[in-house]
Amino acid sequence: MEGQENQGTNTVVNTNTTTNTGAVTQPVGTQAQTKTEGTVTQTVNKTEGSEGAKTFTQEEVNALLAKEKKNLPSKEELKAFKEWQESQKTEEQKRQEELVRVQNLENNNNSQSQIISIMRNGIDYETAEFIQFKLSKMDGDFETNLETYLAENKDKFTKEETKKPVTTGFSQSKTNTSTNTNKDYLDKKYANNPYYKK
């Protein structure tokens with residue numbers, strides 16, 4: 001089983017798998033190494049006399065990863081493979097891919113133009129996206145559905161331009177009730193004082 005590569009799910013019975021970030025720990029004993037796409041998982045079969053664990057340093061882990069990277073194709077090889085793949089396509093496949101690309105562009109253009117027409121009614125972008133999604137699920141003409149939807153939900157989606165008060169840190173419109181109670185207290189306390197201004 002040593003050095004065997006599997007692509008898919010691996011099932012290992014009566015073994016311990018250790019996954020760790022940083023240093024990798026694995027029990028010492030009979031080793032069965034399996035490899036899955038993207039991540040390397042080492043599974044170890046326990047034997048009767050193996051109780052200790054071996055710890056890999058970061059350098060050892062980096063060396064293992066560098067060894068695995070050597071098996072991957074270079075950028076030039078990958079580019080050459082993609083060019084070869086493209087050259088193997090028939091004219092019909094190329095035409096179909098172009099049709100799919102054009103259809104995606106048309107759909108994107110239609111949805112963006114619909115969002116713009118919704119925004120012309122005074123609705124913000126996020127709400128326009130929501131309305132466009134709802135209307136795209138409806139049957140019939142988009143413009144007719146939009147008019148109907150906006151008429152039914154006018155109070156929900158119209159912009160209300162309320163003037164926000166300017167905050168300066170001080171209350172400008174409200175009278176401070178605590179100063180009124182303090183003023184009443186001071187008026188009583190200094191009622192006989194000729195220098196106190198009421």
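## What covers helix α3

In this predicted model, the cover over the buried residues of helix α3 includes α4 and α5. The residues of α3 that count as buried are S111, Q114, I115, S117 and I118.

## How α4 and α5 meet

Let's turn to the two covering helices. A pair of packed helices is described by the angle between the axes and the distance between them. Here, α4 (residues 125–136) and α5 (residues 142–152) pack at about 120 degrees, and their axes lie 10 Å apart. Angles of 65 to 115 degrees would count as roughly perpendicular and those over 145 as roughly antiparallel; α4 and α5 are therefore oblique to each other. Their crossing is right-handed.

On the α4 side, the contact is made by F130, I131, K134 and L135, while α5 brings F142, N145, L146, Y149 and L150. Sorted by class, this contact has 7 nonpolar residues, along with 1 polar and 1 charged.

## The chain as a whole

Stepping back, the protein chain holds 7 helices and 5 strands. Reading from the N terminus, the order is β-β-β-β-β-α-α-α-α-α-α-α.

Of the chain's 198 residues, 15% count as buried. Taking contacts between residues at least 6 apart in sequence, 52% join residues at least 24 apart.

Definitions and conventions: Residues numbered from 1 in each chain as written. Predicted model: local features only at pLDDT ≥ 70, side-chain atom pairs only at ≥ 80, totals over all residues. Heavy atoms only, no water. Axes fitted to C-alpha atoms, helices over the stretch in contact; angles between N-to-C directions. Helix = DSSP H or I, 4+ residues; strand = E, 2+ residues; numbered from the N terminus. Parallel < 35°, antiparallel > 145°, perpendicular 65-115°, else oblique. Left-handed = near helix turned anticlockwise from the far one by under 90°. Contact = heavy atoms within 4.5 Å. Nonpolar A, V, L, I, M, F, W, Y, C, P; charged D, E, K, R; others polar. Buried < 20%, exposed > 50% of the residue type's maximum accessible area, 1.4 Å probe, protein only.
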